[in-house]
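This report describes a protein model for a reader who works with coordinates. It begins with the terms that the strand pairings require and then moves from the whole chain to single residues.

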Amino acid sequence: MKAVLDFCLVFLTLHTPGVLSLSTHVAIIYPQDPVLRMGSNLTASCWVHPELGIHASSLFWTLNGQQLPSSLYRVQSPTNLSLALAGLNASRQTSGDNLVCHNHKGHILAGSCLYVGMPPEKPVNLTCWSRNTKDLTCSWAPGGKGETNISTQYRLKYKLRWYGTEKECEDYTHTQPYSCSITQDLHLFTPYEIWVEASNQLGRATSDVITLDILDVVTTDPPSGVTVSRVGQLEDQLSVRWEAPPALKDFLFQAKYQIRYRLEDSQDWKVMDDVGNQTSCRLAGLRPGTVYFVQVRCNPVGIYGSRKAGIWSEWSHPTAASTPHSERMMSGSCDSKSSGDSNSTLRRELKQFFGWVRKHAYGCSSMSMKLYDQWRVLMQKSHKARNQVLQGDKS
């Protein structure tokens with residue numbers, strides 16, 4: 001899965017597993033490259049060839065370049081210096097820790113790699129999705145704390161539920177750890193059984209098996225051609241339009257959409273859940289003279305008759321547009337306080353009507369906006385005319 005970038009030190013000695021011999025070595029360490037559980041104890045020995053004329057008492061040990069205290073050494077014979085390590089900590093790198101035997105001048109005589117870790121725990125959170133029914137990608141998480149500290153392999157296995165043979169996913173994703181994509185010989189309308197097997201030199205574990213039909217886990221590309229534009233001179237509205245995902249244009253499904261938008265200087269998105277399956281929407285109740293960023297995403301509901309909800313696509317790229325400036329804000333004028341009772345009553349009634357229309361026309365429902373648009377334009381013209389009169393009186 002993960003490329004190992006660190007490698008255990010290359011030593012002067014060569015080792016044949018299961019063979020302890022000084023005939024072709026100046027020195028050897030035993031055991032060679034042990035794999036141990038965290039907390040284990042280890043007794044290692046450095047054997048030197050008698051012909052070297054080196055006494056074991058002149059040797060010393062290092063672990064990852066740090067000299068170990070002599071209190072851990074024991075001279076077993078003139079050619080054998082042992083080392084006792086207790087309660088070993090996890091390896092610093094999956095390629096092992098370097099345990100090295102040196103002569104009195106510091107030259108390397110022999111070395112070994114220590115692999116200290118834990119067996120894998122049961123992988124969890126196995127989930128899968130299919131982009132446009134062209135592949136099946138699954139991701140998971142290691143069990144427990146997620147780190148074994150030694151090299152651990154994860155294999156995604158799958159088979160058709162009733163009659164398929166077991167197969168292993170081959171396209172492991174390097175950019176996203178713990179994931180793999182199945183891109184060949186996919187079957188629609190047939191359930192798959194999928195699981196993950198984890199293994200290292202200390203043990204193995206298997207995730208729960210999930211069963212799914214590809215049509216139940218389809219996600220699409222984001223909607224394309226997203227445009228955001230003004231609605232005439234209506235200062236608190238923007239119109240959003242988009243196109244259905246092209247990859248599924250020939251599929252039988254009922255798409256539904258979501259829109260989210262935010263102010264230019266804010267990171268807080270407001271999500272519109274009531275868009276339905278239409279490919280246009282009117283945003284109302286916005287601030288006049290303000291830039292908004294808008295995104296759209298798609299969910300393919302009931303693709304080819306599936307009874308399960310689809311998976312939301314990623315959001316489209318943000319598209320920006322600004323609402324018109326308010327005439328009242330630009331003029332800086334306010335309503336006259338000398339109006340008669342009849343005008344005050346009318347104003348209150350219009351305000352109530354405005355609030356009712358805004359409440360019921362907000363969002364992207366199928367309600368007609370024609371009457372509301374006409375009323376808003378009329379009111380804006382009325383305000384503009386009144387402001388011009390007031391400005392004329394002041395001059």
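Two strands are said to pair if DSSP finds at least two bridges between them, and the elements themselves are DSSP runs numbered from the N terminus, with helices (H or I) of at least four residues and strands (E) of at least two. The model is predicted, so local features need a pLDDT of at least 70 and side-chain atom pairs count only at pLDDT 80 or more, while totals for chains, interfaces and linings use all residues. Residues are numbered from 1 along each chain as its sequence is written, and side-chain values use heavy atoms, with hydrogens and water left out.

**Overall picture**

The protein has 3 helices and 26 strands. Of its 395 residues, 43% are buried, where buried means under 20% relative accessible area, exposed means over 50%, and partly exposed lies in between (1.4 Å probe, protein chains only). The protein exposes about 22,600 Å², of which carbon and sulfur atoms supply 51%; accessible areas come from the Shrake-Rupley method with a 1.4 Å probe, and for residues only the protein chains shown count as cover. With a contact defined as heavy atoms within 4.5 Å, 65% of the contacts between residues at least 6 apart in sequence join residues at least 24 apart.

Confidence is given by pLDDT, the predictor's confidence in each residue on a scale from 0 to 100. The protein averages a pLDDT of 79, and 73% of the residues score at least 70. Over residues 1–7 the pLDDT is below 50, and beyond near neighbours in sequence this stretch has 13 contacts in the model. Residues 329–342 also stay under 50, and for them the model has 13 contacts beyond four places in sequence.

**Strand β16 and its partners**

Strand β16 (residues 192–200) is mostly covered, with 8 of its 9 residues buried. Antiparallel pairing joins β16 to β12 through 8 bridges, to strand β18 (residues 210–212) through 3 bridges, and to strand β17 (residues 203–206) through 4 bridges. At the level of residues, Glu-193 in β16 is the bridge partner of Lys-159, and Glu-193 also has Thr-211 in β18 as a bridge partner. On the β17 side, Ala-198 is bridged to Ala-205, and β16 and β17 form a hairpin with 2 residues between them.

**Strand β25 and its partners**

Strand β25 (residues 291–301) is likewise described as mostly covered, 8 of its 11 residues being buried. Strand β22 (residues 254–263) pairs with β25 in the antiparallel sense over 10 bridges, and in β25 the bridge partner of Ala-255 is Pro-300. Strand β26 (residues 319–322) pairs with β25, again antiparallel, over 4 bridges, with Tyr-292 bridged to Ala-321 in β26.

| Strand pair | Bridges |
|---|---|
| β12 and β16 | 8 bridges |
| β16 and β18 | 3 bridges |
| β16 and β17 | 4 bridges |
| β22 and β25 | 10 bridges |
| β25 and β26 | 4 bridges |
| β4 and β5 | 2 bridges |

**An open sheet**

Which strands form the open sheet, and in what order? The order is β2-β9-β8-β4-β5, 5 strands with mixed pairing. The edge strands are β2 (35–37) and β5 (66–67), each of which pairs on one side only. In β5, Gln-66 is the bridge partner of Leu-63.

Gln-32 is placed in the loop between β1 (27–30) and β2. Gln-32 is buried, with a relative accessible area of 18%. Gln-32 and Gly-111 are 79 residues apart in sequence, yet their C-alpha atoms are 8.1 Å apart in space.

**Aromatic rings**

Rings of Phe, Tyr and Trp (its six-membered ring) pair if their centres lie within 6.5 Å; planes under 30 degrees apart count as stacked, over 60 as edge-to-face and the rest as tilted. By this rule the count comes to 4 aromatic pairs. One of them is edge-to-face because the rings of Tyr-154 and Tyr-178 have their planes at 80°, with centres 5.2 Å apart. This pair links distant parts of the chain, 24 residues apart, with Tyr-154 in strand β12 (residues 153–160) and Tyr-178 in the loop between β14 (171–172) and β15 (179–182). Tyr-154 is buried, with a relative accessible area of 7%, whereas Tyr-178 is partly exposed at 24%.

A charge sits over a ring if NZ of Lys or CZ of Arg is within 6 Å of the ring centre and within 35 degrees of the ring normal. Arg-260 lies over the face of Trp-269 in this way, at 4.3 Å from the ring centre.
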